[in-house]
Amino acid sequence: SPGNFRAFKALIAAEYCGVDIVISDDLTQIGSLSPVGKAPVLVTPKGNIWESNAIARHVARIGKGDSGLNGQNMYEAAEIDGWIDFGSNELELPACVWWYPIAGYIPYNEKAYSKAKIDLAAAFGKIECHLFNGQTFLVGQQITLADICVASALVYPMKLVCDASFLEPFPNVSRWFKMCVDQSEFRSIIGDVRLCEKEFLAPNSQ
């Protein structure tokens, strides 16, 4: 589904590196397309690729060579992999636990909600420290898969729950995120991102 934040990773990467991807909203065949039975899946002539980070990496590799999404050298490529893993391991879970109840994907749980906010703030703190000395991008001097994958994980949290009071300690994270989503390649996939002014609350949370 094009609205799946995990799909954003590959779709935005495709915009940068000139790869055409045909999007389908039909999830009825997912069980047969992926060994884990979950979207997103990229169907290719050589076989299917599953898991969002693997798909994004594949798209970046087969695209035009001057996109720079994989970094300028082997060291930057490793740095990018580190940030992609960071996004999956430290951002996506607390972010989803926070905003999924608002979308009705999971029931609201007060203990899980409180822990998710703490854990996401801790992850934001790590990004803030990395960007503190004026770093524009997560790796190198241009947008890479690191920026694409981490920013994709934050699109819905930044629209729905990360309000001004939550973001106050993280001005560099806010600056970096706004820079990413203002790029035409991001906007063509996710549209205009209006940052959250007041946290949306899940039903039964009050």
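The largest nonpolar core in this predicted model has 63 residues, and those with the most contacts inside it are Phe-124, Leu-145, Trp-176 and Phe-186. A nonpolar core is here a set of buried Ala, Val, Leu, Ile, Met, Phe, Trp, Tyr and Cys residues joined through side-chain atoms within 4.5 Å, where buried means under 20% relative accessible area, exposed over 50% and partly exposed in between, with a 1.4 Å probe and protein chains only. At least two residues of this core come from each of α1 (5-17), α3 (52-62), α4 (74-103), α5, α6, α7, α8 and α9, and α6 supplies the largest share, 12 residues. Helices (H or I, at least four residues) and strands (E, at least two) are DSSP runs, numbered from the N terminus.

Residues are numbered from 1 along each chain as its sequence is written. Because the model is predicted, local features need pLDDT of at least 70 and side-chain atom pairs count only at pLDDT 80 or more, while totals for chains, interfaces and linings use all residues, and side-chain values use heavy atoms, with hydrogens and water left out.

Helix α8 (residues 171-181) is largely enclosed by the rest of the structure, because eight of its 11 residues are buried. These are Asn-172, Val-173, Ser-174, Trp-176, Phe-177, Met-179, Cys-180 and Val-181, and they pack against α5 (110-131), α6 (145-160), α7 (164-167) and α9 (184-190). Trp-176, one of the core residues with the most contacts, touches Leu-131, Thr-136, Phe-137, Leu-138, Asp-147, Val-150, Ala-151 and Leu-154, when residues up to four places away in sequence are not counted; contact means heavy atoms within 4.5 Å.

The largest pocket has a volume of about 570 Å³. On a 1 Å grid over the protein atoms alone, a pocket is an open set of points where a 1.4 Å probe fits, with protein on both sides within 12 Å along at least five of seven lines, and lining residues have an atom within 4 Å of a point; the volume is the space filled by probe spheres set on the points, which are joined across faces, edges and corners. Of the 28 lining residues, Ile-21, Val-22, Val-41, Leu-42 and Val-43 lie nearest the centre of the pocket. Two or more lining residues come from each of α1, α2 (30-33), β1 (41-44) and α3, with α3 giving the largest share, five residues.

The count of disulfides, pairs of cysteine sulfur atoms within 2.5 Å, comes to zero.

Most residues other than glycine have a negative phi, and most peptide bonds are trans. The peptide bond from Ala-39 to Pro-40, however, is cis, with omega near 5°, and Pro-40 is found in the loop between α2 and β1. Glu-51, in the loop between β2 (47-50) and α3, has a positive phi of about 80° although it is not a glycine, and with a relative accessible area of 43% Glu-51 is partly exposed. Pro-107 belongs to the loop between α4 and α5 and is exposed, at a relative accessible area of 71%. Although Pro-107 and Ser-205 are 98 residues apart in sequence, they are 9.8 Å apart in space, C-alpha to C-alpha.
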